[in-house]
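Let's work through some terms together, one question at a time. Each answer sets a value beside its definition.

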Amino acid sequence: MFTGIVEELGEVVAVEDLGDASRFRLRGPVVTEDAKHGDSIAVNGVCLTVVETADGEFTADVMAETLNRSSLGALAAGSRVNLERPMALGGRLGGHLVQGHVDGTGTILERTPGEHWEIVKIALPAALSRYVVEKGSITVDGVSLTVVDAADDYFTISLIPTTLALTTLGIKKAGDPVNLEVDVLAKYVERLLGRGADGGADLKDIEEIKEMDR
């Protein structure tokens, strides 16, 4: 489990094509200082398992499923990446609960600089639209952010100078893909209320049932 508070702006050192998978070697002295084989590290919001570490670098195998569902397949040697270690039990939850399980990818549509912040507009896949609400939480390339505006096909976020300076969101440009993870609590609520993909009852149906029981 992660918090979406990026610890380090790392770099892809090498990408090895394994046919149906890829092996990434990444540089991240901070996140590797206590990392060992089998640990998890979030790379642009994607939870990866550490294969080995050495000299401030670590390797991770990325399966086809992950490459297909995220933007990691577009990374190459020299690409900058957001890195975060899992949260420690008993530690501070600075962002929100993040699993590192990417729900889909979006595309940066435009950036509007302000005096002290920058507004970024990101295209939102239709399948994720219902989980994104104004002032709610969303993870973009592993960064925990608050939604400013939420529409059916896009949302906006406001980036402070710290986020611009310490994450890849400061160097991404219009047209670049980003990994998106919606709030998992919203998905659980939907499932529990029967509004999943199986076409169960919606909120109105449930309220009507409650009224009949009174």
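Q: How far apart are the centres of domain 1 and domain 2?
A: The centres, taken over C-alpha atoms, are separated by 22 Å. This is a predicted model, in which local features need pLDDT of at least 70 and side-chain atom pairs count only at pLDDT 80 or more, while totals for chains, interfaces and linings use all residues. Residues are numbered from 1 along each chain as its sequence is written, and side-chain values use heavy atoms, with hydrogens and water left out.

Q: Where do domain 1 and domain 2 lie in the chain?
A: Domain 1 covers 8-84 and domain 2 covers 104-195; such bounds come from an automatic or database domain assignment. UniProt, in an unreviewed entry, lists residues 1-96 and 97-193 for "domain: Lumazine-binding". UniProt positions are given in the numbering used here, feature names are shortened, and annotations may be inferred rather than shown by experiment.

Q: What do domain 1 and domain 2 share at their interface?
A: Twelve residues of domain 1 are in contact with 13 residues of domain 2, where contact means heavy atoms within 4.5 Å. The two domains bury about 830 Å² between them, 48% of it on carbon and sulfur atoms. Buried area is the accessible area (1.4 Å probe) that two parts lose on being put together, summed over both. On the domain 1 side, Asn44, Ser71 and Asn82 lose the most area to domain 2, together 49% of what that side buries.

Q: What makes lysine 135 and aspartate 141 worth a look?
A: Neither is a glycine, but lysine 135 has a positive phi of about 70°, and aspartate 141 has one of about 50°. Lysine 135 sits in the loop between β8 and β9, and its relative accessible area of 58% makes it exposed. Aspartate 141 is in the loop between β9 and β10, and with 0% relative accessible area it is buried.

Q: What makes a group of residues a nonpolar core?
A: The members are buried Ala, Val, Leu, Ile, Met, Phe, Trp, Tyr and Cys residues joined through side-chain atoms within 4.5 Å. The largest such core here has 20 residues, and among those touching the most other members are Ile122, Phe155 and Leu180. Elements that give two or more residues to this core include β8 (118-123), β11 (154-159) and β12 (177-182). A second, separate core of 19 residues includes Leu26, Val62, Val81 and Val102. In soluble globular proteins, nonpolar side chains tend to be buried together.

How values were computed: Buried < 20%, exposed > 50% of the residue type's maximum accessible area, 1.4 Å probe, protein only. Helix = DSSP H or I, 4+ residues; strand = E, 2+ residues; numbered from the N terminus.
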